[in-house]
Amino acid sequence: APSRERQRFAAQGFAVAVVDAPSDRQDELGLDGYRQSGIHLADIHEVVRYMRAQADAPVWLVGHSAGAESAFFVARELPPDEPVGAVLTAAAASTLRNMDPRSFSRPVLMVSHTQDPCINLADLNRLFDELLAAPVREHATLTGGERGGTGCTSGYHQFEGLGAEYV
């Protein structure tokens, strides 16, 4: 979820660690290739270990938009005894489908806005149907909020105007 929502998660009793895109891993293609790398997995695994040391509770990896690729990949690749789940918000189904969703064996929550111009909701619904190995799975769709500007940096894609509702 957008880092601006971290206070809302904390107010609900969640321990929150916000991990942004690493500045030392970006090039002209952005984070192309990094989000599904062993280096990224190791970095986020350290954050998961830290969070588990703070509170003996399952860790939910929340990824918004392109960050959903990170959350899905890391949850999928962590050791089976690591209690994690994935929350994928405003995710691109095409990217996740390349990671064999049929074998994803963690709890997963997908959250999408019905009017998000940056995703294909029908494709996400098909991806959700492929998450056959997930012990618990849910796809929540949101309506309302603010249309905002154009593109994927505002409006429905960022769940503007819905912060309290989607948290």
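A residue counts as buried when its relative accessible area is under 20%. Keep that cut-off in mind as we walk through this predicted model.

**A helix on the inside**

Let's start with helix α3, which spans residues 67-77. Nine of its 11 residues are buried, so the rest of the structure largely encloses this helix. The buried ones are G67, A68, E69, S70, A71, F72, F73, V74 and A75. And what covers them? The cover includes α2 (38-54), β1 (59-64), β2 (84-89) and α4 (93-97).

In soluble globular proteins, nonpolar side chains tend to be buried together. Here, the largest nonpolar core has 29 residues, and L61, L88, V108, M110 and L131 touch the most other members. Two or more residues each come from α2, β1, α3, β2, α4, β3 (108-113) and α5 (121-130). Helix α3 gives the most, with six residues. Leaving out residues up to four places away in sequence, M110 touches L88, L124, L127, F128, L131, E138, H139 and A140. Another core, of five residues, lies apart from the largest one; A90, V111, L142 and L162 are among its members.

**One disulfide**

The structure holds one disulfide. It joins C118 and C152, whose sulfur atoms are 1.9 Å apart. The link is left-handed, with -115° about the S-S bond. C118 sits in the loop between β3 and α5, and C152 in the loop between β4 (137-142) and α6 (163-166), so the pair ties together parts that are 34 residues apart in sequence.

How values were computed:
Residues are numbered from 1 along each chain as its sequence is written. This is a predicted model: local features need pLDDT of at least 70, side-chain atom pairs count only at pLDDT 80 or more; totals for chains, interfaces and linings use all residues. Side-chain values use heavy atoms; hydrogens and water are left out. Buried means under 20% relative accessible area, exposed over 50%, partly exposed in between (1.4 Å probe, protein chains only). Helices (H or I, at least four residues) and strands (E, at least two) are DSSP runs, numbered from the N terminus. Contact means heavy atoms within 4.5 Å. A nonpolar core is a set of buried Ala, Val, Leu, Ile, Met, Phe, Trp, Tyr and Cys residues joined through side-chain atoms within 4.5 Å. A disulfide is a pair of cysteine sulfur atoms within 2.5 Å.
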